[in-house]
Amino acid sequence: MKWAFVATDVDDDDQIDGLDKLKWLLALLRAQSWSYQHSHWTVRGDASYGNHLLFERLYNSVQTQIDELAEKIVGIYGIAALDSEDLLGMFLYWNERWDVVDCLHRRGITSEQDLQNVVKDTYEDLKENDQLSLGMDDWLMATANEHETNQYLLRQVLRTKNAMQEWQPLKED
Ligand SMILES: [Fe+2]
């Protein structure tokens with residue numbers, strides 16, 4: 001049996017691919033936390049206090065996931081795996097990708113869709129290459145599940161917003 005997770009340094013191509021996917025995911029979560037906190041500070045308009053609290057809940061939940069994933073990466077691949085410059089470059093990619101979306105809720109949904117795609121891709125890649133530990137399997141599933149709740153919360157706000165845009169006052173006879 002091949003023990004995929006005993007290495008303290010990344011030394012084969014499958015591990016490098018798996019680690020790369022996990023780093024993109026870690027950078028995505030950091031960018032998402034940044035984006036949600038920025039939205040928490042800058043949200044305006046109708047129900048802005050409710051949205052201020054919603055974005056606070058979102059960035060706090062992501063913060064815990066960042067810490068868990070970074071520690072898992074170090075535990076599996078060693079400290080050299082967390083290259084700060086690499087992660088910053090990936091972070092900027094996600095930040096720039098979402099920053100063009102003006103509506104803060106749509107921006108959040110866009111980041112959540114990206115997250116679901118990256119988690120799925122990472123999961124399949126690690127599994128295919130026999131690199132998926134039981135703990136990482138569980139963490140990826142749980143993270144995808146928690147982010148489906150984020151999508152629900154953001155979509156509910158957008159549904160209300162759309163209803164307000166379509167709403168017309170009754171004409172008086
Ligand atoms: Fe605050």
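**Packing of helix H1 in a predicted model**

The crossing of H1 and H4 is left-handed (the near helix is turned anticlockwise from the far one by less than a right angle; clockwise would be right-handed). Helices are DSSP runs of H or I, at least four residues long, numbered from the N terminus. This is a predicted model, in which local features need pLDDT of at least 70, side-chain atom pairs count only at pLDDT 80 or more, and totals for chains, interfaces and linings use all residues. Residues are numbered from 1 along each chain as its sequence is written.

H1 and H4 (residues 104-128) pack at about 165°, with axes 10 Å apart. Axes are lines fitted to C-alpha atoms over the stretch in contact, and angles between N-to-C directions run from 0 to 180 degrees. H1 and H4 are therefore roughly antiparallel (angle over 145 degrees). Contacts are scored between C-beta atoms, placed from the backbone, within 7 Å. On the H1 side they include Trp 24, Leu 25 and Leu 28; on the H4 side, Leu 115, Val 118 and Val 119. By class, this contact has 10 nonpolar, 7 polar and 6 charged residues (nonpolar: Ala, Val, Leu, Ile, Met, Phe, Trp, Tyr, Cys, Pro; charged: Asp, Glu, Lys, Arg; polar: the others, Gly among them).

H1 (residues 13-42) also packs against H2 (residues 48-77), at about 160° and with axes 8 Å apart. That makes H1 roughly antiparallel to H2. Their crossing is left-handed. The contact has 15 nonpolar, 8 polar and 2 charged residues.

The chain averages a pLDDT (the predictor's confidence in each residue, from 0 to 100) of 88, and 87% of the residues score at least 70. Over residues 1-8, pLDDT stays under 50. Where pLDDT is low, predicted coordinates should not be read in detail.

Methods:
Helix = DSSP H or I, 4+ residues; strand = E, 2+ residues; numbered from the N terminus. Parallel < 35°, antiparallel > 145°, perpendicular 65-115°, else oblique. Contact = placed C-beta atoms within 7 Å.
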